[in-house]
Every structure is written in C-alpha cells, then in structure tokens.
Amino acid sequence: MTSNLIKFDDQNKVFHLHNKQISYLLSIEDGGTLSHLYFGGAVKNYNNQLKYPRLDRGFSGNLPESLDRTFSRDSLPKEYSSAGEMDFHTPATIVRNPDGSNALFLAYKSYKIEDGKPDLKGLPHSWTKEDDEAQTLIVTLEDKVSKLEYDLLYTIYRDRPVIVRSVQVHNHGEEAVYLEKVASMQMDYVDKDFEVITLPGAHANERRVQRENIGQGIKVFSSHRGTSSHQMNPFMALVDHDTNEFMGEAYGFALAYSGNHKFEVERDQFGQIHVNTGINDYNFKWKLNPNEEFQTPEVLMVYSDQGLNKMSQAFHSLIHERIMRSKFKDQIRPVLVNNWEATYFDFNEDKLKTIVDKAKKLGLEMFVLDDGWFGHRDDDNSSLGDWKVYKKKFPNGLGHFADYVHEQGLKFGLWFEPEMISYESNLYKEHPDYLMHVPGRKPCPSRNQYVLELGRKEVRDNIFEQMVKILDSKKIDYIKWDMNRSLSDIYESDLPADQQGEAYHRYVLGYYDLLNKLVTRYPDILFEGCSGGGGRFDVGQAYYTPQIWASDNTDAIERLKIQYGTSFVYPQSMMTSHVSVSPNEQNGRITPFNTRGAVAMWGDLGYELDLTKMSDEESDQVVKQVTEYKKIREVTQFGTLYRLKASASNQCAWMMVDSNKNEAVVTVVNVMAHAQPYCTKTKLAGLDPDKRYKNLETDEVFGGDELMHLGFYDPIERGDFKAKMYHFKAIN
Ligand code: DGJ
C-alpha cells in the first residue's frame, strides 16, 4: 500500500478515510449495518468515541429476531438504506425480487482497499495519474436471501477535500431481479440544521442559485428530461445558515452523469438530514440477470470549512485536473466568432467569407460554422440526421470553405446535432425505426425534431460513420455538439417489454459511447458540448468535452447570474461565453460593449454577432478587447476563482488569481445606476499579503494585504450596466 489514506480498525470495525484536509468515518454495527459516523475536517486519530445514542424509539423497529429495542435502522445514520429493511427514510435502493417483494436487507460482508481508483466502464469518472494519489475502499454489503451484493466504492485523494462515491450491484443469485432505484450515494447527518443550495433554471436561464431551509419532509431536486437539464443542474450543497463565500461549512455533491438525476434531501422525525444522489428512479427499472452487474454513475463530494468559494475551488481543480481528459483542457482557448446569432440559417459561403475576413482583421482566432450547413436546412424543420454538406450554401463543398478559413490564419469549427432526426430527412426515409417512439403512438415533436434511439449500436454506428466522412475529409479544429430538445416517447425497440425501464439510461450510455468514440478518434479536435445552451452542463459531460456553451442567453446582465451559478461547480475554462449584439437578441436589453466583453471574459471569450455590421468604434473595441484578453486569458481561464460579490445584489464581482499569486484579474459590474449612489468597495482575495501588486492600467501599487483588507472604491458612473476590469501584477 503506497498511500495509506484508508485505515480499518478491526477491533472497533471502523473505516477511516483521511488526508490532511478531510476525514470520512464509517463503521460496522449490529446486524452488519454500515453506519455513517462522520464527514468533515481532518481528524488525525479517531478514538472510537462517537457512539450513536441507543434509544427505544416508538415505531422505529429493530433488527430481525433481535430483542434489543434500542437499535434501529430507522434512526441510525447509515451509508446506504434499502427499501424493505424497516428503515423508513427515502431508500437509496429499491429492488423487485422474483417473488414480487421489495425486501432487501443489506449487511456487511467484506471490504477491500485498493491503490488508485478503478475506472468505470462506459461511464465518465474521475481518475488518477499516479496510483499513490488516491486510495479506494470497497465495502461489500450482501442480501443473503437474493444473493445480491452491493459494492460501495469510496475514493479519497491525497491532496483534495473530496470523496468520490459510486455503487456496483452484482447478482449472484439464480434469478433475475429488477433494480428500481440505485442511488450513487447516501449521506446522513445527525445534528445539522442545514440550508440547501441548488442550481435550478430554464432554457436561457440556467443555474440560478437557490438557497432554502430544510423542514421535516422530503425535498427533491431532479431531472427526468433525459438530460441533466436546464431546469435542475445535477448539483446540491448543504450549508450552515451563516455559510457565505468565505466562511462556514459547505458540503457539495455533483453527479458525473448527463441523464436523469435525482437529489433527495430528507429531514426526518429526529431532525436528522438524509441525502440520496443518483440516477432518477423515474421510469427506471433495470433487469439484472444472474452474474450481471450494474454500475451507478459517480458522485463527487466536496467538504469546505471556508465557505462556498473553497468548495467551488475544490470542484474546479478536480474537474479540470481529474475529470477532463482532452489535451485541450490545459490549453489556452481560442477567441472565436460563431455565425449563429449573426446569420441564423440565412447564409452562404460568400456571406460567411465576409465575416471570416473581418474576424481576421480583428485578431480573432477561430470561425465556427453553426447550424444550417447540412442536408437542405434553411430552418429548423428539416435535415437532422443528414450529415452531408448543403450544396446550395456551399457549392464548392465544405472543404473549400474550411480551406478559406484556414488560409486566413483562423481555425475552423463545425456544429453538429448528432442525437437528432427530422421527419424531413433521408435518414428518416431510410430508417424510420431509428426515431425514438412508442410503437403505435405518435411521438411528440419539440423544435420540430425527434430523438434517435441512441441505445442501439446500429443507430450510433450510422451517425458515427456519417460524421467520420466529414471529419476525415478536411481539417476541422473544433466541434460544437448540440442537443436541442428533451427526451420523450421513451422506448428502445430492441428491448423486450420488461426492460423498457432501461431505455433512459441506455440512451445516456449510447450517447457516451458515441461521443467517446469520436473524441478518441479525433484527439486534435476541441469538442464543445451544448444543449440549447447549458442544458447538459455537468461533470459527466466534462469528461468528454472540456468546454460547454453555458447558455443561449447572451445578455451580459442575465449572464452574470448564469455564470455566477455555473461557477459554483464548474471551472471557468469549461464555460464558453460570447459577446453579442445590443439590443440583445433574447431580451432586448441595451448594454455597453465594454460590459459585454468584461462579462464574456469570465469564461472562454467569443463573439456571436455579424462582425461586418459593426461600427468602426465597435470594431476598435473588439480589437482592444481581444488584445487585452490575450494578455489575461491564462489567468482568467485557469486561475483560482473567487466570487467577491454575489450576482443577486446590484453589483457582481469576481476575480481570478494565478497559482503563484503573481497576477490577478478582477471584474466588477454595477447593475443599476442611482442618483444618490452608495459608495462601494471591492476587496480582493487569494493574494499574497506580503507581495506588492501594480494596477497595470494606472501604475498604482498596493500591498496584497491592502487589497484584501481595505480594498478599493468602485468607480461611480452614470448609466446602468457598467463594468470595470482591473489587472494586477506582483512587483518586486
Ligand atoms: C442551440 C445552441 O445553443 C445555439 O448556440 C445554436 O447552436 C442553435 N442551437 C442552433 O440550432
């Protein structure tokens, strides 16, 4: 054993996962019950003192054949609860046995400790570079009657305040059982009066921070749209009432999965908090035959004793360093122009060339050809599934245009929506059965498009081959992978009736398989995820695509809230953000060009407007923005993020600082102007108190401690929506 991060105290039956930042403790109790003891700040030595009080609780029953009325699975904090074992909490797992019952009594069987971290087959997962940077505890629970075994996997990294959990179910019995629910983890807290933070939203309004109390009962935060969704991001944090960005405890949970998810938070009759996280059990029923296994997605659990910023930073570095795999994850992202809001479907090669020419003049680095280049697509009613160039728009072929873009010194990016099919397409004419629908029923359109049965290999292969033909024919530097509807009419035609409850999850596995084949075959293409903006912005997606289009809402002021919420979990290099026209296309708001640039520089900067229609003054501003951005993007894309002022107030402020604390970029946006303005200050964070920093615009010099404790006054400006950026560098 090289890393010694997990100890087992055989005498007291206690497992202790620990590093310098956190401890996680669990123990084996009466009846082989796996009990949760603690997750929080590091404890060097645990002296086995934390005994859950034994009480005879009315209506909370006891272990089978036991006369001890003081031990109840209904009150004891546990690692994993099942239905059918006299634990009345929302179960982490539910099975349907061959006899029709849901009885499952999970008891400790054995454990293993492994160096490193096992890969999950077919699912995104965190990984290790060296085996000694993490250890994994696998605790096996068994149900003696059905011979089902549950392996609970816990990975602790040496240098992160993180535990990664997942569950594997094995059927060692003689008959098939049906899994009706398998959460990736459960967490129980005994004496915590938490608030819960989630990231709900809507299309063009994703990941708004919501914070609420938890009263007795069950709160559910979930998606059953087939994707992780705009409406509820697969993330939740439990925080104390006084936790803020810099202070207090925060427990963050992020599921590495891009399909249906469910986060349950229950406050029970004793004030205890019980949490389950995993695949949503809505329309889920998985047939597990003898000798088969089922693997849940992983959940990343972060502990912070210094507020929400520290929680987010732990997620950011884990996702960036140990979830993403693309070689681009560490590379500076190019400044692009995307033609979607510039032209929508109304373009041809000549029109696009004028945008490319202007992009070159302004110092941009990539042109992205969005929706409308294939089949005979002039609007969103046709051609999905026909991945061949639209000759009317590109009479000389796509390659000819790609060459032109490259000749101008720009990279070339291309949009696909591989999971979809239009009625009006050759693919539908040739393979109507590829379109997901329930036999005998008419499927529901959304944006007049339908979903492919991605659970079927034949369907995936067809799309893969079509895409390969395009990607092999010319140099393509970037792909934007879009997905513009939620799943409905859930069915997979190669599955028997009793397995239709697998269709949702098999879709996600099929999606991952197709995506994985493409990213593996084309390691030199930068992939960007997208689902009508940020409808699939999750940790699972980050495993395949190091960046994601954050929202179809490009208004700088609404983006403040979207990006603020996104930053709770996801690193800023993962979030793409574009300057678009004013009045804004989505909400008509008029904002200064400077503010649009400053807000877009929170993520990977791009432009999404017709560059040829800009005034000279605006063109000059683009040149200025791009020149400045090239100087700061190493820090803004990869530096440590601190949220300084919340987006819910009249000001939003954030900063990024490089790992050596030598360079920092700060942005402050004042939303509404006032005739009698309050004088506000911005105080920085994460600097070296002993270093001196120069404001590169004014040459003023400040101590790091001065900037962090005193801060500086924000400018008082007339007019709404004003942004100010500051670039500080340490001097000797
Ligand atoms: C939704 C995306 O979020 C947009 O950026 C654009 O690509 C459209 N789809 C194209 O249909």
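Which residue of β29 does I548 stand opposite? The residue is M575. The model discussed here is predicted. This briefing covers a barrel of strands, the helices beside it, and contacts that involve aromatic rings.

**The barrel**
- Eight strands form a closed barrel with parallel pairing, in the order β21-β22-β23-β26-β27-β28-β29-β30.
- On average, neighbouring strands of this sheet are turned by 30 degrees against each other, direction ignored.
- Two bridges join strand β28, residues 547-549, to strand β29, residues 575-579, in the parallel sense.
- In general, the strands of a sheet pair through backbone hydrogen bonds, either parallel or antiparallel.

**Helices on the sheet**
- Helix α4, residues 398-407, packs on the sheet and touches β22 (366-369) and β23 (411-416). The direction of α4 makes about 140 degrees with that of β23.
- Helix α10, residues 593-600, lies across β29 and β30 (604-607). Relative to β29, α10 runs at about 170 degrees.

**Aromatic pairs**
- The structure holds 45 aromatic pairs.
- The pair of F702 and F728 is edge-to-face, because the ring planes stand at 80 degrees, with the centres 6.0 Å apart.
- F702 belongs to strand β36 (residues 701-703) and F728 to strand β38 (residues 722-731), so their pair ties together parts that are 26 residues apart in sequence.
- F702 and F728 are both buried.
- A cluster linked by ring pairs contains Y24, F39, Y154, Y189, F194, Y251 and Y303.

**Charges over rings**
- R643 places its charged end over the ring of Y564, 5.8 Å from the ring's centre.
- K724 lies over the face of Y726, at 5.5 Å from the ring centre.

Methods. Residues are numbered from 1 along each chain as its sequence is written. This is a predicted model: local features need pLDDT of at least 70, side-chain atom pairs count only at pLDDT 80 or more; totals for chains, interfaces and linings use all residues. Side-chain values use heavy atoms; hydrogens and water are left out. Two strands pair if DSSP finds at least two bridges between them. Helices (H or I, at least four residues) and strands (E, at least two) are DSSP runs, numbered from the N terminus. Axes are lines fitted to C-alpha atoms, for helices over the stretch in contact, and angles run from 0 to 180 degrees between N-to-C directions. Contact means heavy atoms within 4.5 Å. Rings of Phe, Tyr and Trp (its six-membered ring) pair if their centres lie within 6.5 Å; planes under 30 degrees apart count as stacked, over 60 as edge-to-face and the rest as tilted. Buried means under 20% relative accessible area, exposed over 50%, partly exposed in between (1.4 Å probe, protein chains only). A charge sits over a ring if NZ of Lys or CZ of Arg is within 6 Å of the ring centre and within 35 degrees of the ring normal.
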